Every structure is written in structure tokens, then in C-alpha cells.
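Here is a short report on a protein model.

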Amino acid sequence: MEMINAIGRRKSSVARVYLTEGTGKITINKKDLTEYFPSAILQYVVKQPLELLEVVGKYDIKANLDGGGFTGQSQALRMAIARALVKINADDKKALKQQGFLTRDSRRVERKKPGQPKARRRFQFSKR
């Protein structure tokens with residue numbers, strides 16, 4: 001099997017994934033998964049598509065993550081892995097789509113407006 005590449009995005013995070021057959025090693029920005037995402041929850045989020053299709057330990061994943069915070073990065077990586085798995089086997093698309101791993105979550109932080117302390121919060125109104 002040749003190298004399969006895919007891209008995933010979430011908020012301002014971009015994940016580029018390169019998938020090859022191997023032993024299940026996940027490398028992110030030249031660091032191990034457990035080193036890059038110390039939180040067990042984020043590691044679980046990244047491995048969700050692999051566990052759903054029961055292919056944990058079958059593919060080596062090399063990823064480049066850029067921008068955003070750790071939550072957005074982990075979800076962008078999950079999407080990129082799911083897209084790469086669909087490129088390998090198109091029959092898996094239905095299961096991944098049902099779980100929502102192929103859907104781009106386009107929600108972003110709303111910008112702060114002038115004359116207000118936050119995006120929607122307003123200063124307390126005083127009648128007199």
C-alpha cells in the first residue's frame with residue numbers, strides 16, 4: 001500500500017495526515033501521540049475512527065498539526081484520519097459519516113464588537 005494523505009480542519013486548526021500500513025504508531029509534529037496529547041480524552045478523540053472500524057494497530061499515522069488549540073487540533077486530526085480511511089476503503093464511509101467524523105464543524109469564535117465588552121455581552125444599561 002502506498003502513502004495515503006488527507007486533510008482535516010476544525011476552528012483554526014489544520015491537520016495533514018499521511019497514512020501507511022504498519023504497527024499503529026501515531027506521530028504528530030515529530031512527537032508521539034501520548035507526548036503531544038497528554039490528556040487521555042484527546043487521545044481517545046484521535047483514535048475514535050480507528051476503533052470504530054477496528055483497525056487499531058494496522059496503520060502508521062504521521063500528522064502535521066498547525067494552528068488553534070488542543071481541542072480543535074484533536075478534532076481536526078480525527079477528521080483527517082477518517083478521510084484517509086475512506087480513501088483506503090470506500091465501504092467504511094457510511095459508518096464514519098453516521099458518527100459524524102466526516103462532517104466539517106465550521107463553528108468559529110464570533111468576533112468582539114466595538115462598544116461591547118465581548119461578542120454579545122453588553123455593558124450594563126443605566127437609565128439615569
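Lysine 25 is partly exposed, at a relative accessible area of 47%. This is a predicted model. The side chain of lysine 25 forms a salt bridge with that of aspartate 32, at 3.9 Å from N to O. Aspartate 32 is partly exposed too, at 29% relative accessibility.

The count of salt bridges comes to 5.

| Salt bridge | N to O distance |
|---|---|
| Lysine 25 and aspartate 32 | 3.9 Å |
| Arginine 10 and aspartate 105 | 3.3 Å |
| Arginine 107 and aspartate 105 | 2.8 Å |

Shared partners join Arg10, Asp105 and Arg107 into one network. Arginine 10 is buried, at 8% relative accessible area. Aspartate 105 is partly exposed, at 26%. Arginine 107 is exposed, at 57%.

What does the pair of arginine 10 and aspartate 105 tie together? Arginine 10 belongs to strand E1 (residues 4-10), and aspartate 105 to the segment after helix H4 (93-99), so the bridge links parts 95 residues apart in sequence.

Now to the helices. The axes of H2 (residues 40-52) and H3 (residues 70-88) come within 8 Å and cross at roughly 10 degrees. Angles under 35 degrees count as roughly parallel, so H2 is roughly parallel to H3. The crossing is right-handed.

Which residues meet there? On the H2 side they include Leu42, Val45 and Pro49. On the H3 side, Phe70, Leu77, Arg78 and Ile81 are among them. The residues of this contact divide into 10 nonpolar, 4 polar and 1 charged.

Methods. Residues are numbered from 1 along each chain as its sequence is written. This is a predicted model: local features need pLDDT of at least 70, side-chain atom pairs count only at pLDDT 80 or more; totals for chains, interfaces and linings use all residues. Side-chain values use heavy atoms; hydrogens and water are left out. Axes are lines fitted to C-alpha atoms, for helices over the stretch in contact, and angles run from 0 to 180 degrees between N-to-C directions. Helices (H or I, at least four residues) and strands (E, at least two) are DSSP runs, numbered from the N terminus. Angles under 35 degrees count as roughly parallel, over 145 as roughly antiparallel, 65 to 115 as roughly perpendicular and the rest as oblique. A crossing is left-handed if the near helix is turned anticlockwise from the far one by less than a right angle, and right-handed if clockwise. Contact means heavy atoms within 4.5 Å. Ala, Val, Leu, Ile, Met, Phe, Trp, Tyr, Cys and Pro count as nonpolar, Asp, Glu, Lys and Arg as charged, and the others, Gly among them, as polar. A salt bridge is a side-chain nitrogen of Lys or Arg within 4 Å of a carboxyl oxygen of Asp or Glu. Buried means under 20% relative accessible area, exposed over 50%, partly exposed in between (1.4 Å probe, protein chains only).
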